[in-house]
Amino acid sequence: MQIAIASGKGGTGKTLVSTCMTKILSDRNAVLIDTDVEEPNAALAFMQPVSKIKEVHRLVPHISPEYCTFCGLCAKICNFNALVVLENKVLVFNELCHSCGACSFLCPYAAISEVNHPIGVIEETQLPECGTLLTGRLKIGEAQSPPLIKAAKDLKTSAYIRLVDCPPGTTCSMIESIRGSDFCLLVTEPTPFGTHDLELSLEAVKMLDIPGGLIINRWQGDDRDLVDLSERYDFPILARIPFSAELARSYMQGLDPLQAMPALHNILTDVLHKIREVSS
Amino acid sequence: MKEILFISGKGGTGKTSLTSSFIDLADACVACDYDVDASNLPILLKPRNTVGHDFSAGYSAHIDRDICTGCGLCAEICRFDAINDDYQIIPLNCEGCGFCARICPVEAIRMEPRSSGHWFSSEFKSGQSLFFADLRPGEENSGKLVAQVKSMARQKALSENTDLIIADGPPGIGCAVISSMVETDMIVLVAEPGLSGFHDLQRIYELIKLRGIKAVLIINKWDLNPEISQEIENWAIDQGVYLAGKMPFSTTVADCISEAKIPATDSQIRNLVFPIWENIIQQLNVM
C-alpha cells in the first residue's frame, strides 16, 4: 500500500505527519520516500547515517563531431529548444532537454548518442525499529525534479507500506509524487492561504482519481472553509491536530513531536486505521 | 529599475506575510507573485480590475483515431508513458516532445498548443500594479509562466517609470525558482530558525551563489528557537550575507493572515518591519 502525504501550501506539516506515521508504523518496516527533492527534510527527523547513495541520471544528447553534418534537423525537431546548430558547432543545453530521445533517434547521420547527465542522488537510511527512508536530493542548479522523483519511487516497491512525503505545490513534481498511490493525505492549515492552496491540490488529486482525506494542522476551532472544501471534493477530514506552541518550538529544535504532543500518536494511528478501512 | 525577490527554500516560512508588508511600506512599486502554482500574494493585496490572459507553453499530442492503424510504434518510443494500450494520449503524462508525431508512419498524430494556465494583471491600493498567475494543476512549464509574469511586470515598471519591483517567490530550488532569479537585482532570504529551515536556507543559498546574485537575510520568528537563530546568524557572517533583520514570533501576524490582512497594516507590526525594510533598501542602493 502506498500513501502520499501532500499539500498545496508549503510548511503545513507534511513532513511532520509522514515522519511521525513512519515511527508509529514501527513494526511494519515502512518505507518513507522523501520526494520533496528540492528541499528534502524528512531525514532531519531521524538523524541517522546514510547507508547507501545512488546517483540518478537522465539522458541528454551528445553530438559526435565526426558524423555531424550540421544539417540542423535536431534543432528543428527539439520542442524544448535544447539544441542550437551553428555553422560548425552544435550547442546542447542539458537543462532544457527533456530526455525524449527524438533527436538521437531521428538524426539522419546517427551523429547523436545519449549520455548520462547527473541530476541528483537517492540516499538510503536505515531507521532503527521503523524501516527505511529514501531521500531524493536534487543537484543544486538542476531545474527538473520529476525524473529524480520517479527514480526514488521505483525503489523498494515491494514494501508492505510506503509513505511518500511530497513537495509543496500542484505542478508536475507533485503529480509525479502522488501518482500510483492508493490514498492521498492532504495536510492543510486553517488560514486563507491554506484554504486557497488546498483547493488547487484537491483539483490536482482529482485528476489522478486517487481517494484521499484531509488533516487540518494547527487547528484552532474555526474551520468552516475547510469543511466546505472537504464536502465539495468528498475528501473527509480524518484528523485535526490542535495548534500547540510547544509542538512548534520542539519541532524546530528537531525534538520528537510524538513526545512534545503525546496525543499525536493516537491522532495519527486513528488516521492510519481510517485509511486502511477505506482502502480495503 | 531594480527587482527584489523574496525566497526561502522551505515553504511556509512567512515569505508572503513579509513581502506584502514591504510592498505596503514601499513608496511605489510594481508587485508580483512568482509562486505560480499556489499564488497567495493576491489574497492579501486584494487586487481589482483583474484582467486574465491565457498562457500556453508547449504542446500536447493528439491521435486521429480514423488514421491510426494501431501499429504501436508511438507507444514504444514514448518515454513518458503518455500513450495507453488503446493508443490514446494521457494528457497528464505527455511532455509535448513531439517524437510520436514525427515517427508515426501514417501521420496520425498532430501536436497542438497546450494551455498551461493564466496570468493576470491587476491593480491594488491607489492604482499600483500587481501581476500574478495561475498554473493549471499538474502542468509543467512553471518556469515559463514565471518568465511571462516577470516580463509583464518589467514592461509595466518601465512604462510607468516605477523604480522598484517587489516579488514574492516560490518555494524550492527547481525550475520556478531558477526562473524567478533571472535578472533579479537582489534576493531577500526569509529563513525560519528550525533544523529544516536552516538546511533549506543553505541549499537555496548554494543556488544563489551559482547565479551570482546578491542576497540579504531575514530570520523570521527568530525567538521560537534562539539557538538555531544564532547559528544562522553565524552562518550568515561566514557567508558574507547581510542580516537585514530578525522578526519575533507574533500572534498578531497570524491573526492578520487569518483575516487576509497585510500584517504591516497593524501599527505594532509596522514598527517591527519598518527598520528591516530600510536596511533592505539601503543594501539595494549601495549596489
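Which strand of chain B do two bridges join to strand β2 (residues 30–33) of chain B? The views below come from a predicted model.

**View 1. Strands β2 and β5 of chain B pair side by side.** The partner of β2(B) is strand β5 (residues 128–135) of chain B. Two bridges join them, and the strands run parallel. Look for Cys32(B): its bridge partner in β5(B) is Phe131(B). Strands of a sheet pair through backbone hydrogen bonds, either parallel or antiparallel.

**View 2. Chain B holds an open sheet of nine strands.** Read the order as β3-β4-β5-β2-β6-β1-β7-β8-β9. The pairing is mixed. At the edges stand β3 (48–63) and β9 (242–247) of chain B. Each has a single partner strand, so one side of each is left without a neighbour in the sheet. From one strand to the next, the twist averages 20°. Helix α7(B) packs on this sheet and touches β1 (2–7), β7 (186–191) and β8 (214–220) of chain B. The direction of α7(B) makes about 170° with that of β7(B).

**View 3. Helix α7 of chain B is seen end to end.** The helix has 17 residues. From its first C-alpha to its last, α7(B) reaches 25 Å, close to the 24 Å expected at 1.5 Å a residue. Its buried residues include Phe198(B), Leu201(B), Ile204(B), Tyr205(B) and Leu207(B). What covers the buried residues? The cover includes β1, α6 (175–181), β7, β8 and α8 (226–239) of chain B. It also includes β7 (132–138) of chain A. Just after the helix, Gly212(B) takes a positive phi of about 65°.

View 4. Is Arg203(B) buried or exposed? Its relative accessibility is 8%, so Arg203(B) counts as buried. The side chain reaches the backbone oxygen of Leu138(A) at 2.8 Å. Arg203(B) also touches other residues of chain A, among them Val37(A), Glu38(A), Glu39(A) and Pro40(A). In chain B, Arg203(B) touches Ile173(B), leaving aside residues up to four places away in sequence.

**View 5. His98(A) meets residues of both chains.** His98(A) lies in the loop between β5 (90–92) and α3 (102–106) of chain A. With a relative accessible area of 15%, His98(A) is buried. Which side chain does the side chain of His98(A) meet in a polar contact? It is that of Glu95(B), at 2.6 Å. Beyond residues up to four places away in sequence, His98(A) touches Arg58(A), Phe80(A) and Gln144(A), along with Phe80(B), Glu95(B) and Glu140(B). Val60(A) is 38 residues from His98(A) in sequence. In space, the two are 7.9 Å apart, C-alpha to C-alpha.

View 6. A disulfide is a covalent bond between the sulfur atoms of two cysteines. Over all chains, the structure holds zero disulfides. Cys100(A) is in none; the nearest cysteine sulfur, that of Cys97(B), is 4.0 Å away. The cut-off for a disulfide is 2.5 Å between sulfur atoms. Cys78(B) is in no disulfide either, and the nearest cysteine sulfur is again that of Cys97(B), 6.3 Å away. Cys100(A) counts as buried at 13% relative accessibility. Cys78(B) counts as buried at 17%.

**View 7. Chain A has an open sheet of nine strands.** The order is β3-β6-β7-β2-β8-β1-β9-β10-β11, with mixed pairing. The edge strands are β3 (50–63) and β11 (237–242) of chain A. Each has a single partner strand, so one side of each is left without a neighbour in the sheet. Neighbouring strands are turned by 20° against each other on average, direction ignored. β3(A) pairs with strand β6 (residues 112–126) of chain A over 13 bridges, in the antiparallel sense. Within that pair, Val56(A) has Gly120(A) as its bridge partner in β6(A). Helix α6 (residues 192–208) of chain A lies across β9 (183–188) and β10 (212–219) of chain A. The helix runs at about 170° to β9(A). Helix α7 (residues 224–232) of chain A also packs on the sheet, touching β9, β10 and β11 of chain A.

Definitions and conventions:
Residues are numbered from 1 along each chain as its sequence is written. Chains are lettered from A and ligands numbered from 1 in the order in which they are written. This is a predicted model: local features need pLDDT of at least 70, side-chain atom pairs count only at pLDDT 80 or more; totals for chains, interfaces and linings use all residues. Side-chain values use heavy atoms; hydrogens and water are left out. Buried means under 20% relative accessible area, exposed over 50%, partly exposed in between (1.4 Å probe, protein chains only). A polar contact is a pair of N or O atoms within 3.5 Å; within protein, one must be able to donate a hydrogen and the other to accept it, and residues adjacent in sequence count only if both atoms are side-chain atoms. Contact means heavy atoms within 4.5 Å. Two strands pair if DSSP finds at least two bridges between them. Helices (H or I, at least four residues) and strands (E, at least two) are DSSP runs, numbered from the N terminus. Axes are lines fitted to C-alpha atoms, for helices over the stretch in contact, and angles run from 0 to 180 degrees between N-to-C directions. The expected span of a helix is 1.5 Å times one less than its number of residues.
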